Amino acid sequence: MVLYTPGRTSRYDPSPVESGIRLHFLGGGQEVGNVGCVLEDKTGTRILIDYGLAPTRPPKYPAEAPIVDNAIITHSHIDHIGMAPWLVGSHGTTLHGSDLTAKLSSIMWADTYKVSSIEGYPLAWDRRDMDAALDAWQPHQMGEKFVLGSWEASLHVAGHIPGAAMVEIDTPEMKILWSGDLDTRISPNVMGAKPVKCDVLCLEGTYGGRNHPNRPEEEKRFVESIKQTVARGGVALVPAFASGRGQDILRILHDSAPELEVHYDGMGTRITLDWLEHPHLIRNPDKLRKTWRWCRRVRSKSDRKKALDADVIVTTSGMLDGGPAIWYINRLRHDPANAIFLTGYQAEGSGGRRLLDEGRLPIWGNITPVELDVEQFSLSNHAGHDELVEFARGCSPRHLVIFHADKESADALAAELGGEMTIHIPENGTQITLE
Ligand SMILES: [Zn+2]
């Protein structure tokens, strides 16, 4: 189980590396999320990139990390950051990341801690570890060089969400680029990622083999459907992730339908305040500020009741696994003029998936029929297949390591890029050495 015995339950093989770079995936190999990867070379420099958990029920955890002095956290999503307090509490590791990622970690860890207590799931770290982790950050600006043992590293904009970083690492032998979660397309709140020439590219492949619909057209379709619901006297409920999607939805609605009354509820409201303090990482921060003032933030129970008369409610959780969205659905489900707009992928076993497949959903523990119109839109913050391929070509690496992808997605990318670079699709718990 997750309750590791530091140093005794790690399966990491610490034997010296002879040459090149050695990668060992603790999680995120042939799976989406749950990421953690140890990198080491012959200089004895050893770092960890990301240490997350998969927020499934129960959560899934990566294998125990060996001792590392430094870890780089690419972004604040829980499947990349969730286990970092354990690392700091057990090994005193220094955490590196963008200043916004460091700032958001406090909200993300506190929420993980709260959810695990409520749901009764074991967590390998406690409040003391969380406090230690908050003090363990060494934040960096994009492009700033910093030293890790015998290596030099720097962060680059990864798209995806504000503050999300790709990691460029120069070892004495080679240049490595770690993509983190990546989007090369411009989205409402962030610019897209740009390729960096490297020898080894470690690329997330969530959408390998699948392409997104044209983003502006999908946004238009979304706004039109919202307007139709409002025109028939209904409320449009938009469940959206707290960190990224929710703020994108607000920007889209503010741009295209500012006449609507839009209420914003859930953890995203606190996250947005942190975003606003880091305008250097936001695309067009003035517009975000205007959007923030325009939407009505739900702060209390009475605000929540008032929101039931809104045109649109944007709230968590994005996959209807809890959060205020459930409270709203329970109230809104009696009037067929109302509608639910899902804004992305709904994982197997999630409330949103159940709503799509069966027209019902667990509400306060009871499986409840919800006879409202439910529509799904594809407003993802990950690059699609074609963007991933173009990005990989732009980096022109000798080696391409595909992770954060199920096997089918990774194989689709391998099939397209195999003639141009050597492809690796490592499994968790195995070591690969690239030269
Ligand atoms: Zn992410």
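In the predicted model, helix α2 lies across strands β3, β4 and β5 (94-98), and its direction runs at about 145° to that of β3. A further helix, α3 (residues 99-119), packs on the sheet, where it touches β5 and β6; the directions of α3 and β5 make an angle of about 115°.

The sheet itself is open and consists of seven strands in the order β6-β5-β4-β3-β2-β1-β22, with mixed pairing. Strands β6 (137-140) and β22 (431-434) stand at the edges; each has a single partner strand, so one side of each is left without a neighbour in the sheet. From one strand to the next, the twist averages 25°.

Several pairings within this sheet can be described individually. Strand β1 (residues 21-27) pairs with β22 in the antiparallel sense over four bridges, and Leu-23 has Ile-432 of β22 as its bridge partner. Strand β2 (residues 36-41) is likewise antiparallel to β3, to which five bridges join it; here Leu-39 is partnered by Ile-47 of β3. The hairpin formed by β2 and β3 has four residues between the strands, and Gly-44 in this hairpin takes a positive phi near 85°. By contrast, β3 and β4 (residues 70-72) pair in the parallel sense, over three bridges, with Ile-49 opposite Ile-72 of β4. Six of the six residues of β3 (residues 46-51) are buried, so this strand is largely enclosed by the rest of the structure.

Helix α2 (residues 84-91) also packs against helix α4 (residues 127-135). The axes of the two helices are 8 Å apart and meet at an angle of about 90°, which means that α2 is roughly perpendicular to α4. On the α2 side, the contact is made by Ala-84, Pro-85, Trp-86, Val-88 and Gly-89, and on the α4 side by Arg-128, Asp-129, Met-130, Ala-132 and Ala-133. Of the residues in this contact, seven are nonpolar, one is polar and two are charged.

The chain as a whole has 13 helices and 22 strands. Its radius of gyration is 22 Å, close to the 22 Å that the globule rule gives for 435 residues, so the chain is as compact as a globular protein of that length. Along the principal axes, the C-alpha atoms fill a box of roughly 70 × 45 × 40 Å. Of the 435 residues, 51% count as buried. Among contacts between residues at least 6 apart in sequence, 71% join residues at least 24 apart.

Note on methods
Residues numbered from 1 in each chain as written. Predicted model: local features only at pLDDT ≥ 70, side-chain atom pairs only at ≥ 80, totals over all residues. Axes fitted to C-alpha atoms, helices over the stretch in contact; angles between N-to-C directions. Parallel < 35°, antiparallel > 145°, perpendicular 65-115°, else oblique. Contact = placed C-beta atoms within 7 Å. Nonpolar A, V, L, I, M, F, W, Y, C, P; charged D, E, K, R; others polar. Rg over C-alpha atoms; globule rule 2.2 N^0.38 Å. Buried ≥ 20, exposed ≤ 12 C-beta atoms within 10 Å, placed from the backbone. Pairing = 2+ DSSP bridges.
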